[in-house]
Every structure is written in C-alpha cells, then in structure tokens.
Amino acid sequence: MNPTPSRERICLLTGGGYPYRRDALGGWCRTLVEGLRRFHFELLTVTDREPPSAPAYPLPLHVASARAVALGHDQARSDRRRGSSPDGAADAAALLCRGLVSDDPPVAALFTDGLRRVAGLCRPDGPEVDATPLAALPLTEALLEAWRQRPDRAPLPRLSVRDARTAATLLRHALRAVAVPLPEVDLVHCVGGTTPLLAALAGQWRTGTPLLLTEARAAVLRQRPAEDRLSTGVRTVLRRFRRAVTRTGYAEATLIAPLSAYHHGWALEHGAVPARLVQVPAGVDPREYPGAAEPDGPPTVVWAGSGAPDSGLNLMLDAFTEVAAALPGAVLHLVGVTAAHEEHCAEQIERTGLGRAVRMHPLPADPRDRYTVGQVVAHVPGPADPPYRLVEAMMSGRAVVGVDIGPAGETLGDTGILVPAGDPAELAIAVVALLRSPPRRRSLGEAARRRALTRYTVDRVTRVYGALYTDLAAAPPAEAFDLALTIPAPRTTPPATLRWLTRETS
C-alpha cells in the first residue's frame, strides 16, 4: 500500500533524458520517481536535440506532467539581424564575459552576477520559451574586450573577431535555457549538465524555489564530439563557460547530492560549500538484477553503453581485438546500444575486422538479461558516465574488470579488477586472466553482489531522497521556545533534520 501522498510538488529537471530516453541516467530517474509516490512530480527535460514525441517510460499516476523543451537554433541565427540591445544587456554581457575569462576568484565571481542579469532579461510569462532578448546580447564585443583586458593575464589562445562571433552565437544558443519557464513547484531537483542547470538557476533566481542538484559529472568537462572542428579559441570559450556554470550551480544550489566521494571532492574543488553536500550513492533494485549461473559456451565478455562516440566503445573494441587473439572463439556482447548510435557501432565493429565475434544488442527490456549473457563484464565508461552500469553489473553477480575512471575504484572496492585508463592492452590482459580462471571470477562476482546489496540498493536511494525532498520542500519549522520549568518535563531529543545540519554558521 502506498503512503498517503504529500503536498510537496517536485520538478525533476533533466537534460534530454528521463522520461524520453532509455539510458543509465534515465533509469536512475525512473527508479527515483517510482519509488517516491508520496510526492507529486512535474517532469521537465531541456535539450539541444529534438526529443521524441512520447515518453519512453510509462508514467505513474503521481506524475502530474511531462514536458520536453528543445532549444532550437532559429534564435541564434537571428543574431545577424539583431536590433538594439535591451536595457542592461551590455552590462550583463560584460560581467558574464569578464568572469568567464578570468581565473582570479573575485573577478571570476562576476560571471554569476552577469548570468543572473541575463536571466532577468528573459521573464517567461507562459509555457513557451521567449529568448528574444538574448538575440541582441552584445557578446561578441564583450568577449573581445574581456580577452584583451583580463586582469590576471591568464594564458589563453588567440581569439579573432571571427572566433568571437562564432563563440557568441554558441553562447547565445546555450543561454536560451535561462528562458525556459519552470512549473510552479516546491522544489526543483536538477539532474544533468550545463543546459538543465542554466534553466534551474534562472528559475531559482526568479521564484526563490529551493534547488537540489544531483552531481554525476566527471572531473573533466567533456568536449562534445562536434566541437573538434572549432578553433582553439572558441573551444576555450565553451569550456570556460561550462566550468563557470558549474561553479555557479555549486554556489547557488540549496543542497548538492554527489554520487560518490569522487564527485564530492570534485564539487569541493569547484567551490561547493561543505555544509551543503550530502553524498547519496547510486542504487539499483536487486529484484531486477537477481544474478544467474554462468552460461555455457565460448568465453564471453559484456560491455554496456550507448555506443556513442564518447561512450568508451573504441577502447573496448581495441581491447577485445587482443582478447580474441588470445582466446579464439571469444565473443563480445554490446548491450544497451541506442538506436541513434547503432550505425556508428556497426562502423567501428567493421573497423576492427572482428565480424560476428562482436554482437550488438539494443537495450534489453528485461535487465536480467543485460549482464548475465557473459562470464565477465568490462566496465569501460565514457568520460562523463555516472557509475550506474557498474553497480548494475555488480548486482548481477558478474566479475568486473573496470577502467580506473572517476568513482570506479571506490564503487568496486576489492571485489573486481581495476586497470589504468586509456590502456587497452592492460584491459585485455585482465579480461583474459578472468576468462581463464572460473573459480576466481565466480568468487569476485559473488563478492561484488554482496557489496552491491550492502551499499547500492535503490531503497537506500529513495529513502534518502525522500528525506531531502521533505526537508527542502516543506515549510520552515515553527519557532521553538524553551520554558523554564521548576520540574523539568521528560522529553526525548528531537531528531536533527537536514535543515539544521546544513545551516551555515556566521
């Protein structure tokens, strides 16, 4: 029986994922929403891509709405025809660019002031995105001026007028997220990267709604695949912009929930206040990953990923080329490949010449089949992938060879094998060793499942997030007064809520 629904309304804000895409992050969001039925959810995804017309997951009854907003390029192209700048636009652009360019903390902090002013230029009055004021934002001039006048003279590449125009167009497009109207809720829970965070920050500044930020990004702000054709100066602007948005999110969020100690340290390094950090590890449902006996047949390796160019696929294929040479007849299963990346995967498989030794599968409807088709799981994530798939593999009871990226080491502990990042030969050696040693891999698989059951279950995640939602979204507690009694009344110590734990002392 479900608990009585609470009055708290939560906006779950993502960057093109749940409920429209079936991926690791989308699965985590689905688990969270379905496990917290006492809250009312408004689902909002903000993306650069055109989202599907219908959700990929069935929506439970306590989800009031699901909306996807695509940031089109039509407004960015209209910059060539822009008219006069609105009042305050020049000052906002100047502050934004000065803070973006500088490494000096007081000057870099100007970025937040500039971003707040930019958000103030766009005041949504309805459900549609109105980014008209951004078309006249004089970012080209502001970028060139900030590049020339930076006080700390940070070593930056040359930025030509053409580069500045290109960067300004891309920044205006990214900044369209601040014009996305958010639903009226008691708490915004932002899960994702730069685009949803921009929308969440603007919404918080307009309404004062508390912001909970789940941090799952990597310690290297990744360059998107299409950006390798841009000049060094433009790539530098984009990288610094994303870093500045990240720092602003850490400074402005009411609370930050990193997935691991690794992400916790990354947040502290980028300016998060320690009292606002609550670590909540990833979790999966043990019933969906019950484990199974190893299959008979040839030596088989499983890799789970979307198959995108930055998903770790190429490293996995390079390593498996060496595995197949050492163990003729070995098979590699690629599970979870999305429809958008099937063609890219096929091209990369053909490049290796492995033929039918590599078998590509779309994301299985039943997660029980995802990892148990093989004897060993190779966890080779992309640079920004959260550790959800690693936890799934551990819960499935399979021996894992993991690449030492991000939180892989602390998640896996001593229940698997870690190899250095970027070294396919070491990955192949470790995989072959486990395939040749059934007792060792079974021992590691059992230990990995025990560790996952102890640390990474979904009930722990929903229990903690339920407490965070209640504390952040509920009305402030009433003032309490202690009465001086001649005979002290018996009382129990009240529990310390998160609100008191995170209150900053002066």
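**Exercise 1.** Which side chain meets Asp 103 in a salt bridge, and at what N to O distance?

*Solution.* 
Step 1. Recall the rule: a salt bridge is a side-chain nitrogen of Lys or Arg within 4 Å of a carboxyl oxygen of Asp or Glu.
Step 2. Apply the rule: the partner is Arg 243, at 3.1 Å, N to O.
Step 3. Asp 103 sits in the loop between helix H3 (89-101) and helix H4 (105-108), and Arg 243 in helix H10 (residues 232-252), so the pair ties together parts 140 residues apart in sequence. Helices (H or I, at least four residues) and strands (E, at least two) are DSSP runs, numbered from the N terminus.

A note on the model: it is predicted, local features need pLDDT of at least 70, side-chain atom pairs count only at pLDDT 80 or more, and totals for chains, interfaces and linings use all residues. Residues are numbered from 1 along each chain as its sequence is written, and side-chain values use heavy atoms, with hydrogens and water left out.

**Exercise 2.** Classify Arg 30 and Glu 288 by accessibility, then describe their contact.

*Solution.* 
Step 1. Take the cut-offs: buried means under 20% relative accessible area, exposed over 50%, partly exposed in between (1.4 Å probe, protein chains only).
Step 2. Arg 30 has 18% relative accessibility and counts as buried. Glu 288 has 25% and counts as partly exposed.
Step 3. Their side chains form a salt bridge of 3.7 Å, N to O. Arg 30 lies in helix H1 (residues 24-35) and Glu 288 in the loop between helix H11 (261-269) and strand S7 (300-304), so the bridge joins parts 258 residues apart in sequence.
Step 4. Widen the view. Arg 30, Glu 34 and Glu 288 are linked in a network of salt bridges. The structure holds 14 salt bridges.

**Exercise 3.** How many aromatic pairs are there? Classify the pair Phe 39 and Tyr 469.

*Solution.* 
Step 1. State the rule: rings of Phe, Tyr and Trp (its six-membered ring) pair if their centres lie within 6.5 Å; planes under 30 degrees apart count as stacked, over 60 as edge-to-face and the rest as tilted.
Step 2. The count comes to 8 aromatic pairs.
Step 3. Phe 39 and Tyr 469 have ring centres 5.3 Å apart and planes at 90°, so the pair is edge-to-face.
Step 4. Phe 39 is in the loop between H1 and strand S2 (40-47), Tyr 469 in helix H19 (residues 458-473), 430 residues apart. Both Phe 39 and Tyr 469 are buried.
Step 5. One aromatic cluster is formed by Trp 28, Phe 39, Phe 41, Tyr 388, Tyr 465 and Tyr 469.
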